[in-house]
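User: I'm new to this structure and would like to learn how to read it. Could you walk me through it step by step?

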Amino acid sequence: MVYDEPKAPALRRLSFPHIGMRTIKTVLAAMLAALFMKHVMHQTMFFACIGAITAVEKTVSSSVRASVIRNIGTITGGLVSIAISSFTENIALISLGLIPMILVDNALNKKESIVPGAIVYFAVAYLNTMDQAWVYGLNRILGTLIGTGIGLLVNFTICPPKKESISSLSGEAG
């Protein structure tokens, strides 16, 4: 009988994925946003962390674009929800309030902002009371702006992402 050589221990056969610089920067941006919101703003960290994560992309233009999309959605969703949920807790009316938010994002030609805007819209509408909607909404907007700012700062100062040529930013053939 022929015996095969013993197999290598299982641990040696495992291959661990590479942790790249963008992953490290994303974690750092989220951590800094959370620390800032907790210790400086004394606010919830959730939306700032989402903003920070959104801002860390692999190119300068994609980082700025993702941040703009997130911030426009957050601002439109937050403000429209403040306007509606400050006056009613009626589920049908709150649901219908999504229409003006979508119309504003469409008018701004920022259809990509509709989904993040809707998430903020419903967070403001359903995660607080009617009399606190404006405070909660403004804090969510501020938290997202702070988070995307921190994310952009981290992304652009620590091993900055690739810069595109002027022709690729303007959409021309290079």
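This is a predicted model: local features need pLDDT of at least 70, side-chain atom pairs count only at pLDDT 80 or more; totals for chains, interfaces and linings use all residues.

User: How do I read the length of H7?

Analyst: Take 1.5 Å times one less than the number of residues, and you have the expected span of a helix. H7 runs over residues 114-126, has 13 residues and reaches 18 Å from its first C-alpha to its last, close to the 18 Å expected.

User: Stepping back, how many helices and strands are there in the protein?

Analyst: Helices (H or I, at least four residues) and strands (E, at least two) are DSSP runs, numbered from the N terminus. Here you get 9 helices and 0 strands. As for burial, 39% of the 174 residues count as buried. Among contacts with a separation of 6 or more, 73% come from residues 24 or more positions apart.

User: Which residues of H2 are buried, and where do they sit on the helix?

Analyst: Helix H2 (residues 21-41) has 21 residues and spans 28 Å, first C-alpha to last, close to the 30 Å expected. Its buried residues are Lys25, Thr26, Ala29, Ala30, Ala33, Ala34 and Met37. Looking down the axis of H2, they fall within an arc of 165°, so they line one face of the helix. That arc is taken from the directions from the helix axis to the C-beta atoms. On the other side of H2, Val27 and His39 are exposed. The buried residues of H2 have a cover that includes helix H3 (46-55) and helix H8 (133-157).

User: Is H3 largely enclosed or open?

Analyst: Count its buried residues: 7 of the 10 in H3 are buried, so H3 is largely enclosed by the rest of the structure. They are Phe47, Ala48, Cys49, Gly51, Ala52, Thr54 and Ala55. These pack against H2, H4, H7 and H8.

User: At what angle do H3 and H4 pack?

Analyst: Axes are lines fitted to C-alpha atoms, for helices over the stretch in contact, and angles run from 0 to 180 degrees between N-to-C directions. H3 and helix H4 (residues 60-85) pack at about 150°, with their axes 8 Å apart. The two are therefore roughly antiparallel. In words, angles under 35 degrees count as roughly parallel, over 145 as roughly antiparallel, 65 to 115 as roughly perpendicular and the rest as oblique. On the H3 side, Phe47, Ile50, Thr54 and Ala55 meet Ser63, Ala66, Ser67 and Arg70 in H4.

User: What about H4 and H8: at what angle do they cross?

Analyst: Roughly 175°, with axes that come within 8 Å. H4 and H8 are therefore roughly antiparallel too. Residues in the contact include Val64, Asn71 and Ile75 in H4, and Trp134, Ile141 and Phe156 in H8.

User: Is Serine 67 buried or exposed?

Analyst: Serine 67, found in helix H4, is buried, with a relative accessible area of 3%. Not counting residues up to four places away in sequence, Serine 67 touches Thr54, Ala55, Thr148 and Leu152.

User: Last one: where do I find a positive phi?

Analyst: Asparagine 109 takes about 60° although it is not a glycine; it is found in the loop between H6 and H7 and counts as exposed at 59% relative accessibility. Cysteine 159, also not a glycine, has about 45°. Cysteine 159 lies in the loop between H8 and helix H9 (166-170) and, at 48% relative accessibility, counts as partly exposed.

Technical notes. Residues are numbered from 1 along each chain as its sequence is written. Side-chain values use heavy atoms; hydrogens and water are left out. Buried means under 20% relative accessible area, exposed over 50%, partly exposed in between (1.4 Å probe, protein chains only). Contact means heavy atoms within 4.5 Å.
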